[in-house]
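Please examine the sequence and the structure shown below before reading on. The paragraphs that follow proceed from annotated positions to the sheet and the helices.

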Amino acid sequence: MSFNFTVEAECQHTDARVGVFQTPHGVVHTPRFMPVGTLANVKTVTPAQLQDCQAEMVLANTYHLHLQPGEDIVAAAGGLHKFMNWQGPILTDSGGFQVFSLSEIRSISEEGVLFRSPRDGDMINLTPEKSMAIQNQLGADVIMAFDECAPYPATYEEIKLAGERTTRWLERCIKAHDRADVQALFGIVQGGVYLDLRQKSARELIQFDLPGYAIGGVSVGEPPELIEKIVKAITPLLPPQKPRYLMGVGTYKEMAQAVAAGMDLFDCVIPTRLARHSVALVRGERWNLKNQKFKRDFTPLDAECPCYACQNFSRAYLSHLVRSQEILGYTLLSIHNITELIRFTQKMRQAIIDGDFATKFAHYLS
Ligand SMILES: [Zn+2]
């Protein structure tokens, strides 16, 4: 069997768990942070460097890859793994979130979403079937159902209709998905900030007995305490023997709270985006390397960090690079930030195994 998820340890005080998710391109040890490679590359970082960051599963975006270079070119190259030279597991999103957040939408109907391509102005019709066809061609190990992402804030009625449509679209996605042997289709729980709609969405989704489930539509502008509330209420409804993925969340506190609720996988553009703004994530804090105090600081960013940036360069050098807008500066900060968030999830994993997750991460959980 290509896909398998095994829970190997459970926390005695929270719902946190340690798992191993087997995919056709290798295993993902959960809890795990997944770096985002929107256009089939994690910005400024090579696959070899990414591997050194201990990355296991990497994300790519269906919407962006459909616009450029197009799924036919990726397929002709032999699929995403070959095209981007990442031999580990890959996950693609459905394009739904990007269509709803980035594009000029002409119409949303039962059929799908009609929008204008920001690249050439052409009209594109993205439907559940089309999203599946694109993702089948891209060839990621995990693919996501095409869902309707209601904006935040939205009315109860709007979210209710979007949730019901998402379930109908999931049925169409399952029918259209023709590579189930090598690609696991995850469903996405929607429902905005309304817990009863979230619960309804989760209950409908699990009827389909999918290989994995995600909570989507969070981290779209709502206060962080609402994310925690949703995750706490919904995670227990998802089947424990399947991987659970919290989409678009990658801050320390939110990941720790989600792990405590029983979530396994996380992704966020934060580590590379912050790096491009000269910011390093260091032990829970955000440091801007352009700050005066780093100019003559010849110590490593974080002496305890095993990453290439921390092992070989000083804060002063990193500060110099970002002040000079040298690409190497962004690469080194990206390497560090990705390593930092992956290590954070690895530390939670180890703590769950050791039985001290609830005490070691208590300050995030309160
Ligand atoms: Zn580092």
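**Binding-site positions, sheet and helices**

In an unreviewed entry, UniProt places the feature "binding site" at Asp-93, Ser-94, Gly-95, Gly-96, Phe-97, Asp-147, Gln-190 and Gly-217. UniProt positions follow the numbering used here, feature names are shortened, and annotations may be inferred rather than shown by experiment. Residues are numbered from 1 along each chain as its sequence is written. The model is predicted: local features need pLDDT of at least 70, side-chain atom pairs count only at pLDDT 80 or more, and totals for chains, interfaces and linings use all residues.

Two of these positions may be followed in turn. Asp-93 lies in the loop between β6 (90-92) and α5 (96-102); helices (H or I, at least four residues) and strands (E, at least two) are DSSP runs, numbered from the N terminus. Asp-93 is buried, because 31 other C-beta atoms lie within 10 Å. A residue counts as buried if 20 or more other C-beta atoms lie within 10 Å of its own, as exposed if 12 or fewer do, and as partly exposed in between, with C-beta atoms placed from the backbone. Gly-217, in the loop between β12 (212-215) and α9 (224-234), is also buried, with 32 other C-beta atoms within 10 Å. Leaving aside neighbours within four places in sequence, Gly-217 is in contact with Cys-149, Gln-190 and Gly-192; contact requires C-beta atoms, placed from the backbone, to lie within 7 Å.

The strands come next. An open sheet is formed by eight strands with parallel pairing, in the order β4-β14-β13-β12-β11-β10-β6-β5; two strands pair if DSSP finds at least two bridges between them. β4 (32-35) and β5 (58-60) stand at the edges with a single partner strand each, so one side of each has no neighbour in the sheet. β5 and β6 run parallel and are joined by three bridges, and Ala-60 has Thr-92 in β6 as its bridge partner.

Which helix lies across β11 (184-189) and β12? It is α8, which runs at about 155° to β11. Angles run from 0 to 180 degrees between N-to-C directions, and axes are lines fitted to C-alpha atoms, for helices over the stretch in contact.

Helix α8 (residues 195-206) also packs with helix α7 (residues 156-176), at an angle of about 10° and with the axes 10 Å apart. The two helices are therefore roughly parallel to each other, a description used for angles under 35 degrees.

Key
Two residues are in contact if their C-beta atoms, placed from the backbone, lie within 7 Å. Angles under 35 degrees count as roughly parallel, over 145 as roughly antiparallel, 65 to 115 as roughly perpendicular and the rest as oblique.
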